[in-house]
Amino acid sequence: MTAFNYANGELLAENCPVQHLAEQHGTPLYVYSRQAFENSYLEYANALGDSGMTCYAVKANSNIAVLNVLARLGAGFDIVSQGELQRVLAAGGDASRVVFSGLGKTQSELLFALQAGVHCINLESAAELEALAEVCAEHGVEAKVSLRVNPDVDAKTHPYISTGLKENKFGIDIAIADQVYRRAHQLDGITVVGIDCHIGSQLTETKPFLDALDRVLILVDQLAEEGIVIEHLDLGGGLGVCYQDETPPTPTEHVNAIKEHLGDRPLKLIFEPGRSIAANAGILVTKVEYLKPGEHKNFAIIDGAMNDMIRPSLYSAWMDLQPVCQRNNTETKVWDAVGPVCETGDFLAKDRELAIEAGDYLALFGAGAYGFTMASNYNTRGRAAEVMVDGDNNYVIRQRENFDDMVRGEQLLP
Ligand code: LLP
């Protein structure tokens, strides 16, 4: 079941015609479905039951309306900066259900998070542990910690989003993690509660997760023998979605596979899904400004660009692009959909068979994750507006940026 479906050749977002949304709010426009966010979050939460916590990875889509929709269902959150924590709090999220990931947290960010009362700090180096202990000592606060270990497994995904190999910058080498655990166990103000790993993103198989889990469990047993008790196991995010023809496990299958592998160990489970909650809850709608057919290539010049959605340019990601209203009176040709930004790498889709005319709207699917959050003002283009549909209704959850928004804080010399 998806939230974006065609009825009589017209794309609907839940019950709202996308053509109307584009006319009402302008383009480029992100359109999200409340129901899709809720369904995918609830699939995780129901599969986990009371054996753990689903901490949505805020980086995938951090609009406060999105976070609020999830917070109302009791979601936890995985954050990587003070700014993301402030978003969670502004959205009514519960700090005690937040895990703080990231390899470069500053001492002031750590203090902010501890004072807000986050559930756990996921540490990524021995140096970060010492920095945290200093914060605790100086400010008389206590911290619950997990160590993010790097299990050195191949996630078999794009190299830019693979994080669990020993050549990647993330996590503590699993071979030396026991030493860091011993140190954490001794330090005043620090309580060891967990272990975590995140091996990459857009994984379409279960095996790399289970391989990582096996390595992590060996360490958990070794630590238990030394009296260091691990209460929760956080396997990160990383579950892939279908952009083209991938067939990743569903969240239910994913959670169940991990639970089965754990057997009757008394460990609570945490997941940090981002993409598998957000990607298919959103589309990016753009308008065809001009058609430029040519001898070698046909270019459809659209008003959405790499600054709105960088995944195709950055990772050569394939994302489905379809007309919002299907035409049957126009010849189908093979088009590259390119934006107005002054870069050859500025495209959203290449070599797509489309029957289109100038003025048509196009929808880029799977755009709910790592779309708006990675958008920029490159070429002084205001970032797109975002709307959330809920049944028959639609709500602007972020206004389109205007010139004043873009130059805010800039100043001329005296
Ligand atoms: N936890 C940690 C520690 C992470 O680093 C990430 C993602 C997640 C959870 C969520 O992973 P997910 O469930 O979304 O795969 N911009 C890239 C993806 C970067 C992922 C970074 N870390 C893309 O558009 O493909």
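First, the ground rules. This is a predicted model: local features need pLDDT of at least 70, side-chain atom pairs count only at pLDDT 80 or more, and totals for chains, interfaces and linings use all residues. Residues are numbered from 1 along each chain as its sequence is written.

Now the ligand. There are 20 residues around it, and S201, G237, G274, R275 and Y370 come nearest. "Near" here means that the C-beta atom, placed from the backbone, lies within 6 Å of the molecule or strand.

What is the shell made of, by class? Seven residues are nonpolar, nine polar and four charged. Nonpolar covers Ala, Val, Leu, Ile, Met, Phe, Trp, Tyr, Cys and Pro; charged covers Asp, Glu, Lys and Arg; the others, Gly among them, are polar.

Which domains does the shell draw on? Domain 1 (4–32 + 279–407) and domain 2 (102–271) each give at least three residues. Those bounds come from an automatic or database domain assignment. Helices α10 (275–278) and α11 (311–315) each supply at least two shell residues. Helices are DSSP runs of H or I, at least four residues; strands are E runs, at least two; both are numbered from the N terminus.

Next, the record. An unreviewed UniProt entry annotates R275, R311, Y315, E343 and Y370 as "binding site". They span 96 residues of sequence and are also spread in space, up to 26.9 Å between C-alpha atoms. Positions use the numbering here, feature names are shortened, and annotations may be inferred rather than shown by experiment.

Take R275, in helix α10. Why does R275 count as buried? Because 27 other C-beta atoms lie within 10 Å. The cut-offs: buried is 20 or more other C-beta atoms within 10 Å of the residue's own, exposed is 12 or fewer, partly exposed is in between, with C-beta atoms placed from the backbone. Leaving aside neighbours within four places in sequence, R275 contacts A60, S201, Q202, V241, A369 and Y370. Contact means C-beta atoms, placed from the backbone, within 7 Å.

R311 sits in helix α11. R311 is buried too, because it has 21 C-beta neighbours inside 10 Å.

Pairing takes at least two DSSP bridges between strands. Four bridges join β1 to β2 (residues 10–13).

Terms used: Two residues are in contact if their C-beta atoms, placed from the backbone, lie within 7 Å.
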